[in-house]
Amino acid sequence: MSATVELFPVGEPGDGPDGDGLVGVAATDDGAVWFTFSETGKVGRRAPDGALTFLELGPDARPVGVRAATEDTVWVVDRGDRLLHLGPGVRVVGQLAVPTPGALPLDVVTLPDGTTWFTEQFGEALGRIDILGRVEEYPVGSERAPSGIAASGDSVWFSLQGHSPALGHVRGGDAAIEFVELPLGSGPLGVTVAEDGAVWTALHAADALARVARDCTVTLLPLEEGAAPYTVASTPDGAVWASLWGVDALLRIAPDGAELRIPLPEGSAPRGLTVTPDGTLWAALTSGTLARIHP
């Protein structure tokens, strides 16, 4: 299997590659692609025709995670302890403060029922926004450090760094949290749920990916030294993509285990990933470029 890679520069002087640069990316059903620049506190939107629109969030803003909220809006996580709901324009539809000061929210996901969940890395908690905009926090345990988050139906999976690396699971909106322990020092970041129901996470510090089956059996997929995977994304055909931040590459793992490696230009440092309904992958390269991959 081969793939076609297209590169679209979207950064400006100061956006990167020093510092965090281009971090998150999300595709909405209207064909737009949204992306965040943590270093310069900016969010961008690429329209289906390629037109770019930007919104400055303020001198203290540090936008990181971005996910589709509706067919044409997104949630953006600002590490300045707020979440912003953005629509075409680019304009602010609404915003919410994280209840715990200094919680450092990192990632966000919206469920089919309209509720939205986010991780609080320093707050050691999950946040939940109900359909009326009310925010509630759920502690996950001391020194757990939640990072990535993903949804499967009405369930939520999230990664926990800290001293006890794990994947957490909230079933059906229930506040009871279950845990699947991961290797010590593995530093899990991005999370995705594949079409077969297995949960994948990027073990950033261990140079590996982890797959958690429905029975919670953990299988590790070792990568080369220095790969430093950052996030993972699943596709409608059952495959899983991983961004290999440390070696400037993307990796596709087919349902049968076959691997396809996509090299990127030196210094790309890929981070965020998103997949459109037709299986097209978009990657946010820290260098200030979006990559589009057609398998």
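Contact, in my notes, means heavy atoms within 4.5 Å. I'm working on a predicted model, so I keep to its rules: local features need pLDDT of at least 70, side-chain atom pairs count only at pLDDT 80 or more, and totals for chains, interfaces and linings use all residues. Residues are numbered from 1 along each chain as its sequence is written, and side-chain values use heavy atoms, with hydrogens and water left out.

**Entry 1: Trp200 and the core**

I looked up tryptophan 200 first. Not counting residues up to four places away in sequence, Trp200 touches Gly190, Val191, Thr192, Ala194, Leu209, Ala210, Arg211, Val232, Val240 and Ile253. Next I checked the largest nonpolar core, which has 14 residues. Such a core is a set of buried Ala, Val, Leu, Ile, Met, Phe, Trp, Tyr and Cys residues joined through side-chain atoms within 4.5 Å. Buried means under 20% relative accessible area, exposed means over 50%, and partly exposed is in between (1.4 Å probe, protein chains only). Trp200 is among the residues with the most contacts inside this core, and so are Leu209 and Leu251. Strands S19 (199–203), S23 (240–244) and S24 (249–253) each supply at least two of its residues. I noted that strands are DSSP runs (E, at least two residues), numbered from the N terminus.

**Entry 2**

Two strands pair if DSSP finds at least two bridges between them.

I followed S3 in both directions. S2 and S3 are joined by 4 bridges, and leucine 22 stands opposite phenylalanine 37. S3 (33–37) and S4 (42–46) pair over 5 bridges, with threonine 36 partnered by valine 43. Both pairs are hairpins: S2 and S3 have 5 residues between them, with glycine 31 at a positive phi of about 95 degrees, while S3 and S4 have 4 residues between them, with glycine 41 at a positive phi of about 65 degrees.

Is S3 enclosed or open? Of its 5 residues, 5 are buried, so S3 is largely enclosed by the rest of the structure. Val33, Phe35 and Phe37 point one way, Trp34 and Thr36 the other.

**Entry 2: rings**

I found 4 aromatic pairs in the whole structure. Rings of Phe, Tyr and Trp (its six-membered ring) pair if their centres lie within 6.5 Å; planes under 30 degrees apart count as stacked, over 60 as edge-to-face and the rest as tilted. Tryptophan 117 and tyrosine 138 are stacked, because their centres are 5.5 Å apart and their planes at 25 degrees. They sit 21 residues apart, in S11 and S13. Tryptophan 117 is buried at 2% relative accessible area. Ring pairs also link Phe35, Phe37 and Phe54 into a cluster.

**Entry 3: two polar residues**

Arginine 144 is in the loop between S13 and S14, and it counts as buried at 13%. One polar atom of its side chain lies 2.7 Å from the backbone oxygen of serine 164. Glutamine 121, in the loop between S11 and S12, is buried at 13% too. Its side chain makes a polar contact with that of arginine 79 at 2.3 Å. A polar contact is a pair of N or O atoms within 3.5 Å; within protein, one must be able to donate a hydrogen and the other to accept it, and residues adjacent in sequence count only if both atoms are side-chain atoms.
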